[in-house]
Amino acid sequence: MGFAEFTKTAVRNLFSKPATKNYPKVKKEFFENARGHVIFDETDCIYCSLCARKCPADAIKVDRNAKTWSIVRAGCVQCSNCVDACPKKCLSMGPEYTPVMTEKGCETYARVPDNTEDN
Amino acid sequence: MSRRSIVPFGPQHPVLPEPIHLDLVLEDERVVEAIPSIGFVHRGLEKLVEKREYTEYVYVAERICGICSFQHGSGYCQAVEAIMNVEIPPRAEFLRTIWAELSRMHSHLLWLGLLADAFGFESLFMQCWRLRERVLDIFEMTTGGRVIFSVCKVGGVRRDISSDDMKRIITVLDTIVADLKDFERVFFDNNTVKSRLCGVGVLSKEKILELGAVGPVARGSGIKLDMRKLGYAAYDKIPQVEPIIETAGDCYARCLVRLRELYQSVEIIKAAASTMPEGEISVKVTGNPNGEFFSRVEQPRGEASYYVRGNGTKFLERFRVRTPTFANLGALLATLPGCDLADVPMLVLTIDPCISCTER
Amino acid sequence: MNILTGIIYLIVAPFAGGLLAGIDRKITARMQGRQGPPILQPFYDVAKLFTKQNAVVNASQNVFIFFYLFFNVFTGFLFFSGQDVLLVTFALTLSGIFLVLCAYTVNSPFSSMGASRELAQIMSYEPAVMLSAVGFYMVKDSFSVAEIVGGNLPNVIYLPGVFAVFLYILTIKLRKSPFDISTSHHAHQEIVKGVTTEISGPSLGIIEITHWYETILIWGFVYLFFGFDSVWSLPIFAVAFVIIFLMEILIDNSSARVKWQGMFKTSWFLTATIAFLNLLVISIFM
């Protein structure tokens, strides 16, 4: 029975450094293993679309003929199932979270044409 | 006869973290009737099982709810593994136990904070959530996700915890216990807190049995009901799994049960960490499930059961979850009539509702 | 104490009150282990409120809000120009009643619930405020503020019991936990934000400014216990003010919100025992 159980903690908080960060100025460090966003490396990609089929959120779309790989960042649930499924290991997870966005756009990675005439 | 008025409580309400709607019929400040309506966050996840391969449905099952996400994933995996007669490696079982107990800790700390917020104790709320933050950091360090881990898979787990990380986890847990010891007295002894919790929403043992409540709600009324005693995952190899009970049956008792379970979870994690065998963390699973199984796990909120039926294809036929909140809603509605409006947040919170689980 | 100090109050009070609110928020934040907003945040908030659309649920609420502000400012003016302390207490109650009426007119269950609780709050603290006024009269033989803060010794020497009870109800007046029952500083309770739930935009801004005026008036009332004819009265009050202000924040941060029944019982009990006994003793010896 009492009234002052929390005062000690409150006074200690008052005289110690705040636990919160001044966010936009002080950024949080991400853990090395954090699953933040999917990174696509197109060099080895064979556009087999296995990642798209394994995606539980249907966030990935692969066009085999046009050689494009696209992802809806806002739809991705960061389960990294596509990373496990990729036979060519060209998908990986980066620790940084997907940045805030104003539009739920679709990010498309088209194959860069190899030195064609009009390039 | 005083004037009756109806106060809408939820689905969006500052002290109610969950999307449930209660129409509270009041006479002055006394609740005479509570009419619930649910269905605000139904997402059709059970139906989705027919459209996703059973191996990738784990990630959907985990997203039934953000707080007890790991148990949803492991409960589903257990069921599928049982149908397919897959024996998962012992290390994976221990890892599942550790993550499940860490989940319980983060859920209970979250709950303590929400309760503090409901009785207007903002600084206590922030203190609880600050401790929870450390648990979330452990999750992010070991699994890669803060709330939804995606580490469970059919046949084991996807990530291992190195012995260095395990040591770091134990150190963090020790700091959590030290800090928790520091302010647990606020919940135990503070007059203003006790005036809001003691004797509020009393549920007798008989009433609980009649309503079929589970988890800390049942344990707060003196019923030894804890699915961990079934010995799934590695719980059968850990002696500390003894249900924690209180007998008063009021909000205070339910709060104490959860507080004491926090310490128990730390003990379980430590025991699991010291006895965890080395070895593989997953086995390769081939073929498709054919058959049906009921698996039961103890979530932070109580018993959850998962029914899975496969038909030999890679798509399951039926998946059904009975979540603890669904079982506890009856207890909530039994306590509401006759209480003060000021008590409603305590009553709603002490059953620890997770509507997003309940509606799937 | 004359018309001039009254006019100074009219100009300075909102700034001082806002600044106090800002300091309060900063210290509260630090006690909770947060960084907290800038000290001037309350001013930014109110400035923003005035840029918003004025959504009014019921046109009569504007009238009540105006009178709430008017009587609050008027009371403060009376107080700081050294007028009758009894008139001050009653006029302040009147101002509070206008806020209650405003809450009732908007016809929202949260708001009316808050209004009935606000009435319970007024009922809880009013006896103690009355007894303080009576105590000042018994000590200084006058209800005039100008004379109450005069004399050879501060009133608190004669009225320690009354002052203790006044400190208790100060928590109610400042709307701090455990007594932030009718409306709290943030919309986080079962009746959302109580009396001000349905008030938004510029109207809410006016209510905030009124709160600032009221805060200064309340601290002025605390000064009545410390003021006497000496250069020391202000420094003594300054020390007392800092201690009481910090204690209020500390109590706010280390207690849960109690139910209104508890507040009502305890404040009346304390008033009827400690404050009343204090007056009894004074009436015998003076």
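Colleague: At what angle do the axes of helix α1 and helix α3 of chain C cross?

Modeller: Bear in mind that this is a predicted model. In chain C, the axes of α1 (residues 3-31) and α3 (residues 60-80) cross at roughly 135° and come within 7 Å. An angle over 145° would count as roughly antiparallel, so α1(C) is oblique to α3(C).

Colleague: Which residues of α1(C) and α3(C) make the contact?

Modeller: From α1(C) there are C:Thr5, C:Gly6, C:Tyr9, C:Leu10 and C:Ala13, and α3(C) brings C:Val73, C:Gly76, C:Phe77 and C:Phe80. Six of the residues in this contact are nonpolar and three are polar, with no charged ones. The crossing itself is right-handed.

Colleague: Thanks! And how do α1(C) and α10 of chain C pack?

Modeller: Their axes lie 10 Å apart, at an angle of about 45°, with α10(C) covering residues 233-253. That makes α1(C) oblique to α10(C). This crossing, too, has a hand: right-handed.

Colleague: What makes the contact between α1(C) and α10(C)?

Modeller: C:Asp24, C:Ile27, C:Thr28 and C:Met31 of α1(C) meet C:Ile249, C:Asp252 and C:Asn253 of α10(C).

Colleague: Switching topic: how many residues has the largest nonpolar core?

Modeller: The largest nonpolar core has 208 residues, and B:Leu24, B:Leu115 and B:Ala272 have the most contacts inside it. Helix α3 of chain B (residues 90-118) supplies the largest share of this core, 16 residues.

Colleague: Which residues is B:Leu24 in contact with, leaving aside neighbours within four places in sequence?

Modeller: B:Leu24 touches B:Ile6, B:Val7, B:Phe9, B:Val31, B:Ala34, B:Leu341 and B:Val344. There is also another core, lying apart from the largest one, with nine residues that include A:Val38, A:Cys51, A:Cys55 and A:Ile60.

Colleague: Nice. Now the chains: how many residues do chain C and chain B put into their contact?

Modeller: Chain C gives 23 residues and chain B gives 23 residues. On the chain C side, eight are nonpolar, ten polar and five charged.

Colleague: And how many residues of chain A are in contact with chain B?

Modeller: For chain A the number is 19, in contact with 22 residues of chain B. The chain A side divides into ten nonpolar, six polar and three charged residues.

How values were computed:
Residues numbered from 1 in each chain as written. Chains lettered and ligands numbered in written order. Predicted model: local features only at pLDDT ≥ 70, side-chain atom pairs only at ≥ 80, totals over all residues. Core = buried A, V, L, I, M, F, W, Y, C linked by C-beta atoms within 7 Å. Buried ≥ 20, exposed ≤ 12 C-beta atoms within 10 Å, placed from the backbone. Helix = DSSP H or I, 4+ residues; strand = E, 2+ residues; numbered from the N terminus. Contact = placed C-beta atoms within 7 Å. Axes fitted to C-alpha atoms, helices over the stretch in contact; angles between N-to-C directions. Parallel < 35°, antiparallel > 145°, perpendicular 65-115°, else oblique. Left-handed = near helix turned anticlockwise from the far one by under 90°. Nonpolar A, V, L, I, M, F, W, Y, C, P; charged D, E, K, R; others polar.
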